[in-house]
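My entries follow the order in which I looked things up.

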Amino acid sequence: MLSIILPTKKRVEIFYETIECLDKTLKLFDHDYEVLVINNDPDPISFNLPDYVKIINCDGRGVASARNMGAHNAKGDILLFLDNDILISYEAFIKGYKLFLKLIKQNENIAINFNWIYPRDVYDLLEKNSFGRYLLYYEFDKYEGKAWTNRNFDKKVEYQKTDVFTSSTFFISKSTFNKIGGYTEDFSFAGYEDHNFREKLLKNNIDIYILTNTYVFHNERDYIDLNKFLERKYRSAFTRKQAVSLGDNELILEYSYLKKILLTIIWPLRNILIYFVNNFSQSKKFDPLMFKIIDTLLAVYIYKGYNN
């Protein structure tokens, strides 16, 4: 049996699109499955879910706890984790499912990731302003981009073994998930729980595979907003420091005395800089200036999140 686990918090419109897409996919799937939605928000989900969906409340304890709660309550021996902003077609879904069934016959200690890109309609939005073009320049729009893995997976093969991992969409057996102890629940927000989980996989000799040419759509339409982007990076930096506290010293960020002073001085000016980026001319000729300002804001938010 397949258990599909979707942790969610806020982002109602985005999550609605995820459920709508998944429902279309599952109508074509003729195997036993269940769908567990882990509501990590104190407020109830505000739209009607399909009858087959089971809702489990997680009381806002973080996405790591939500994923663990989903796995704990899962009846299936195969788990598919989906983030609340992932759109997965039937074609991608069934390729991942069949590949998992094929590889697990050879080795039960595996996890299978999907490649991802932004939905096609999001690219039209990205071109309209400097911040959107910034995201494109640094390739935040794709898993292989320099902002994420900075890899070029081999498109000549259907799948390949890798040492990178994302929690956004992956298959794993429940026994393997339990074997490595699931996610470490010390992380308050989404961020470096992914890195920590990857370390657990590698430490326990779990082979990570990626479907190189099979894409899901990472629907971050609501994050094409400079404020939300920076707040997210602040939270991610906070979880990076939590990972360091757990002993992951390779994630330590060190700052010179001068840089600390500069970033501290800029922090009170952040809203002025954000306003300037959002409201000044969106002509491409100003992109070099805007990119420098966004880089500065990003450095400031990471510094403050890491040192909170």
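Predicted model: local features only at pLDDT ≥ 70, side-chain atom pairs only at ≥ 80, totals over all residues.

**Entry 1: helix 8 and helix 10.** I noted that helix 8 and helix 10 are oblique to each other. I looked up the geometry behind this: the axes of helix 8 and helix 10 (residues 270-279) come within 10 Å and cross at roughly 140°.

I then listed the residues in contact. Helix 8 contributes Leu226, Asn227 and Leu230, while helix 10 contributes Ile274, Val277 and Asn278. By class, I recorded 4 nonpolar and 2 polar residues in this contact, and no charged ones.

**Entry 2: helix 8 and helix 11.** I turned to the packing of helix 8 (residues 226-245) with helix 11 (residues 287-306), whose axes lie 7 Å apart at an angle of about 40°. That angle makes helix 8 oblique to helix 11. I also noted that the crossing of these two helices is right-handed.

On the side of helix 8, the contact includes Leu226, Phe229, Leu230, Tyr234, Ala237, Phe238 and Val244. Among the partners on helix 11 are Ile294, Leu297, Leu298, Tyr301 and Ile302. I recorded the classes in this contact as 13 nonpolar, 1 polar and 5 charged.

**Entry 3: helix 9 and helix 11.** How do helix 9 and helix 11 lie, and at what angle do they cross? The axes of helix 9 (residues 257-266) and helix 11 come within 9 Å, with a crossing of roughly 105°. The two helices are therefore roughly perpendicular to each other.

I found Lys260, Leu263, Thr264 and Ile266 of helix 9 in contact with Thr296, Ala299, Val300 and Tyr303 of helix 11.

**Entry 4: the cavity.** How many cavities of 30 Å³ or more does the structure hold? I found 1. The largest cavity has a volume of about 70 Å³.

Its lining consists of Tyr118, Leu135, Phe140, Trp148, Glu220, Tyr223, Ile224, Phe229, Arg232 and Lys233. I divided the lining residues of the largest cavity into 7 nonpolar and 3 charged, with no polar ones. Which element supplies the largest share of this lining? Helix 8 does, with 3 residues.

Entry 5: I next looked up the largest pocket, which has a volume of about 1600 Å³. It is lined by 48 residues, and those closest to its centre are Trp148, Ala190, Gly191, Arg232 and Ser236. I noted that Trp148 and Arg232 also line the largest cavity.

Strand 1 (2-8), helix 2 (63-73), helix 7 (193-203), helix 8 and helix 11 each supply at least two residues of the pocket lining. Helix 8 gives the largest share, 8 residues. I recorded the classes in the lining of the largest pocket as 19 nonpolar, 13 polar and 16 charged.

**Entry 6: two backbone angles.** Last, I looked at the loop between strand 1 and helix 1 (12-26), where Lys10 is found. Phi of Lys10 is near 55°, a positive value in a residue other than glycine. Arg11 has its place in the loop between strand 1 and helix 1. I noted for Arg11 a positive phi of about 45°, although this residue is not a glycine.

Conventions: Residues numbered from 1 in each chain as written. Heavy atoms only, no water. Axes fitted to C-alpha atoms, helices over the stretch in contact; angles between N-to-C directions. Helix = DSSP H or I, 4+ residues; strand = E, 2+ residues; numbered from the N terminus. Parallel < 35°, antiparallel > 145°, perpendicular 65-115°, else oblique. Left-handed = near helix turned anticlockwise from the far one by under 90°. Contact = heavy atoms within 4.5 Å. Nonpolar A, V, L, I, M, F, W, Y, C, P; charged D, E, K, R; others polar. 1 Å grid on protein atoms, 1.4 Å probe; cavity = no way out; pocket = protein on both sides within 12 Å on 5 of 7 lines; lining within 4 Å. Points joined across faces, edges and corners; volume = space filled by probe spheres on them.
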